[in-house]
Amino acid sequence: MFIIKCPYCGERDHSEFSYGGEAHIVRPKQPTELSDDQWAEYLFMRKNIKGLQYERWNHAHGCRQWFNVGRDTSNDKIHFVYKMGESPPK
Amino acid sequence: MKNKYSIFSLIKNAFSYHENWQRAWRDPEPKKTYDAVIVGGGGHGLATAYYLAKEHNLKNIAVVEKGWIGGGNTGRNTTIIRSNYLWDASAAMYDHALKLWEGLSQELNYNVMFSQRGVMNLAHNLHDVRELKRRTHANRLNGIDCEWLSTEEVKKFCSIINCSPDIRYPVLGSTLQRRAGTARHDAVAWGYARGADSMGVDIIQNCEVKGIKRKGDSVEGIETTKGFIKTSKIGIVAAGHSSVLANMAGIKLPLESKPLQALVSEPIKPIIDTVVMSNAVHAYVSQSDKGELVIGAGTDAYISYTQKGTHEVVEGTLKAILELYPIFSRLRMLRQWGGVVDICPDASPIISKTSIKGLYFNCGWGTGGFKATPGSGNLFAHTIAKDEPHKLNAAFNINRFVSGDLVDEHGAAAVAH
């Protein structure tokens, strides 16, 4: 259980949000030219990190905006929040 | 086996007030080299070591475990065993496990308290009825016992279920697998540990793997907190932490690790003598021999390695339980806990070789690995020893995510499994 600071609405309980999985997985620009291995990599393979993970959340029961979060998956502590299209803070 | 357990050993030890029982397995320091090392001392890992020693004649085997054996998901599940899966590949594999369960106490000379009390899967809407009837037929075509019960038969088989047509999700029928049931989770780990140890397997606890050493495309050994161990075959059975170990070897797996919760009530007199699962409202319940109701809740949506989940998940499950069993409304919950489960996109496991020679993975059991423990170990041992899958786990290879030949049990096998 944790609190997420929505960049648009401020701090809210995590139950207002939907999880959108690992962030920065870019859809291939030329899908027709992809091999089966590359498709598998894009569709299924995940880092599933224990530690700091960049992930997407949607404020589903609020402003309904998507944004990115840097969360430590070993203790659910959120280190930073940044908007879609931005690169993660170092 | 050196100290065979029997009625006579029980009587003999009773005379010395049960103070002279020998320890069931040794506590060795790791050797420098092993023929095979199993990473993960849960039920699946210990079963793998047991069958490697017993059926494949490998004697120089170690199981390394970062905590204590059976202390991970083996000790954190709701102990339900069944094999009523929809697809042929799953049905064959899970029924292989169920058949091994049926003889396991004798096989291990250890009472795993396997109780074939039946598992029901309730239907709450027309779609459930169609899906579950389809599954009943599919099971019977695969030689797996499964029956369809009408609402009246549900009431007769388990009288405390609220079968009123006026509840939010009324009970429209149920499947019943009579051979299914429960077992004692600790006993499975301890029984396999004792059996493996008696054949010379070294079970090394408090030994965490810190790195996997590769030479080109094959493995050389593992770095652990107790030093380097050389081996040419590494079988990884690390459940929620599979991806962490895969990262050490430089490969990626199609897994996401999420917390799954369960809880038990205060102990009460016997009231429910079967296992009732309900997928549509996500509630399942059975009663332990101590009298506690054992209740399975769901997973949280996000990746987390914390072994604790959110309160909303527990609340949702308990709401459903109370609607189905109003008789439990004044029960108090005694304990709640979470386990980290590794979920595959198709909700089927991976028991497979990898692109690295000598590196094998048994993972992705998600929310339903306990039932498969003997079969999983048996098939994984075959895969490691022969360097090729048994025909029962051929479909569960890692390459299916590239070929697209998935074993899609997500909707088919019941959400809670």
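## Interface between chains A and B

In this predicted model, 24 residues of chain A are in contact (heavy atoms within 4.5 Å) with 25 residues of chain B. The two chains bury about 2100 Å² between them, 58% of it on carbon and sulfur atoms; buried area here is the accessible area (1.4 Å probe) that two parts lose on being put together, summed over both.

The count of salt bridges between chain A and chain B is one, a salt bridge being a side-chain nitrogen of Lys or Arg within 4 Å of a carboxyl oxygen of Asp or Glu. It joins E41(A) to K252(B), with the closest N and O atoms 2.9 Å apart.

## The chain A side

On the side of chain A that touches chain B, α1 (36-43) and β4 (52-58) each supply at least two residues. Helices (H or I, at least four residues) and strands (E, at least two) are DSSP runs, numbered from the N terminus. The largest share of this side, four residues, comes from α1(A).

By class, the side of chain A that touches chain B comprises eight nonpolar, seven polar and nine charged residues.

## A buried serine in chain B

S243(B) lies in helix α8 (residues 242-249) of chain B. This serine counts as buried because its relative accessibility is 2%, the limits being under 20% for buried, over 50% for exposed and partly exposed in between (1.4 Å probe, protein chains only). Leaving aside neighbours within four places in sequence, S243(B) is in contact with K47(A) and N48(A), as well as with L253(B), L255(B) and Y305(B).

## Nonpolar cores

The largest nonpolar core has 47 residues, and W101(B) and Y192(B) have the most contacts inside it. Such a core is a set of buried Ala, Val, Leu, Ile, Met, Phe, Trp, Tyr and Cys residues joined through side-chain atoms within 4.5 Å. Among the elements of chain B that give two or more residues to this core are β2 (36-39), α3 (88-102) and α7 (185-198); α2(B) gives the most, with seven residues.

Beyond its neighbours within four places in sequence, Y192(B) is in contact with residues including L46(B), Y50(B), L104(B) and P374(B). Apart from this core lies another, of 31 residues, among them V37(B), I229(B), A246(B) and I251(B).

## Basis of the values

Residues are numbered from 1 along each chain as its sequence is written, chains are lettered from A and ligands numbered from 1 in the order in which they are written, and side-chain values use heavy atoms, with hydrogens and water left out. As the model is predicted, local features need pLDDT of at least 70 and side-chain atom pairs count only at pLDDT 80 or more, whereas totals for chains, interfaces and linings use all residues.

Conventions
Ala, Val, Leu, Ile, Met, Phe, Trp, Tyr, Cys and Pro count as nonpolar, Asp, Glu, Lys and Arg as charged, and the others, Gly among them, as polar.
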